[in-house]
Amino acid sequence: VTLTITVEATGNEPVQILNPSTVGLEILGTTDQSDVSINEGIATRVLTRTLRLRANAAGAARIGATTVRTGESIAQTDPIEVLVDADDDPGEVTLPPHIRRMVDGHQPEVHPPDEVFVEVIASTDSVMLGEQLDLAVVAWFPQQVRTQLRTPPTLQPPELQGAWTYSQGVPHAVDMRRVVGGTRYQVYVHPVVVFPLTPGDLEIGPATVSYSLPMSYSFLSREVRHEPQSDNTLVRVTEQPNRGRPASFEGAAGARLEFTLDASPGELVVGDASVVTAILRGTGNVALWPEPRIRWPDGIRAYPEGVDVDLAPDAGRITGSKTFRYLVVPDSSGTHRISHVDYAYYDLENRRYVVLRAPEVPIVAEY
């Protein structure tokens with residue numbers, strides 16, 4: 001599924017697009033494009049973000065509201081429902097190992113033996129900016145209730161303000177059965193990856209599980225819909241340390257980052273265009289890694305062309321690449337060298353700042 005978000009804004013305030021939450025769909029990548037037009041002295045920007053989504057199971061998938069902020073203004077879309085047909089070979093569905101360990105190690109409070117309840121389990125109660133926070137939305141169905149379901153339940157993850165979320169797959173009953181207080185439960189789990197955007201307390205709102213039960217044992221009996229909700233919870237978000245912070249640091253955080261710079265073609269005629277690509281690869285919130293600061297040499301005009309984000313989740317960890325593209329046009333002959341391009345980030349694995357430097361890229365222009 002391709003989701004296209006188009007934002008039109010006037011003025012010079014930066015525009016922030018927060019990706020919608022998804023149920024039954026996972027984000028594979030994004031592409032951003034930006035165009036500016038001036039009419040009667042007023043600049044209008046049109047930003048387009050394209051999300052590549054993949055459906056993971058048959059049924060009703062949901063794309064939540066998309067929120068856009070610019071200055072003090074906030075705009076929000078309506079949610080979108082998507083019907084997903086069944087796959088002839090859906091394959092085996094499994095949870096990421098660390099999510100399974102979270103659920104296996106969690107001991108819920110004892111509830112009445114006929115009560116369905118839902119919880120949000122957080123991987124930790126404190127994270128650093130740029131660090132991945134894992135949530136497991138867990139619905140507990142007593143076996144006597146589970147056997148009455150005619151259709152699988154639907155888990156709606158919590159809405160989070162001030163956080164970037166990646167929903168991973170759909171709620172699954174992955175052969176997880178637990179006994180709590182003498183009651184046997186079938187467990188449904190929906191993993192959500194969260195990256196907080198600001199320091200302070202991140203409030204995780206209620207998650208919801210929706211299911212229907214027949215009013216009688218008749219096959220034609222009407223069904224009654226139920227929607228239990230979880231409690232709110234808080235996670236503390238801290239800033240990266242001041243000690244050792246490079247002057248060029250702009251908030252990037254991750255692990256095992258690689259930074260490359262390339263130009264194609266590297267040899268051209270004055271006035272023709274070359275495409276320069278700056279690529280970041282690694283683990284972390286790939287979509288929010290800031291743009292490298294490139295000092296363009298004299299004799300070159302550079303125009304931003306677009307940004308691509310490609311995600312490749314690995315065992316529940318967000319990994320991938322972010323590509324910044326520039327159209328460059330040399331105005332004079334000679335060798336124009338793009339050099340001393342540094343990229344500072346906070347290494348979340350080794351808890352220290354790292355500065356990467358891309359190799360020098362020459363662009364040779366001739367008449």
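Mentor: In this predicted model, strands E13, E18 and E19 form an open sheet in the order E13-E18-E19, with antiparallel pairing.

Trainee: Which are the edge strands?
Mentor: They are strand E13 (154–156) and strand E19 (223–226), each of which pairs on one side only. Neighbouring strands of this sheet are turned by 20 degrees against each other on average, direction ignored.

Trainee: How many bridges join E13 to E18?
Mentor: Three bridges join these antiparallel strands. Within the pairing, threonine 154 stands opposite serine 210 in E18.

Trainee: And serine 212, where is its place?
Mentor: Serine 212 belongs to strand E18, which covers residues 208–214.

Trainee: Why is serine 212 buried?
Mentor: Its relative accessible area is 14%, and buried means under 20%, so serine 212 falls in that class.

Trainee: What is serine 212 in contact with, leaving aside its neighbours within four places in sequence?
Mentor: Serine 212 is in contact with Leu149, Glu223, Val224 and Arg225.

Trainee: Changing topic: in which strand does threonine 283 lie?
Mentor: Threonine 283 lies in strand E23, residues 274–283.

Trainee: Does threonine 283 count as buried or exposed?
Mentor: Threonine 283 counts as buried, because its relative accessibility is 15% and the cut-off is under 20%.

Trainee: Which side chain does a polar contact join to that of threonine 283?
Mentor: That of arginine 256, at 3.3 Å. Not counting residues up to four places away in sequence, threonine 283 also touches other residues, including Gly254, Leu257, Trp289 and Ile318.

Methods. Residues are numbered from 1 along each chain as its sequence is written. This is a predicted model: local features need pLDDT of at least 70, side-chain atom pairs count only at pLDDT 80 or more; totals for chains, interfaces and linings use all residues. Side-chain values use heavy atoms; hydrogens and water are left out. Helices (H or I, at least four residues) and strands (E, at least two) are DSSP runs, numbered from the N terminus. Buried means under 20% relative accessible area, exposed over 50%, partly exposed in between (1.4 Å probe, protein chains only). Contact means heavy atoms within 4.5 Å. A polar contact is a pair of N or O atoms within 3.5 Å; within protein, one must be able to donate a hydrogen and the other to accept it, and residues adjacent in sequence count only if both atoms are side-chain atoms. Two strands pair if DSSP finds at least two bridges between them. Axes are lines fitted to C-alpha atoms, for helices over the stretch in contact, and angles run from 0 to 180 degrees between N-to-C directions.
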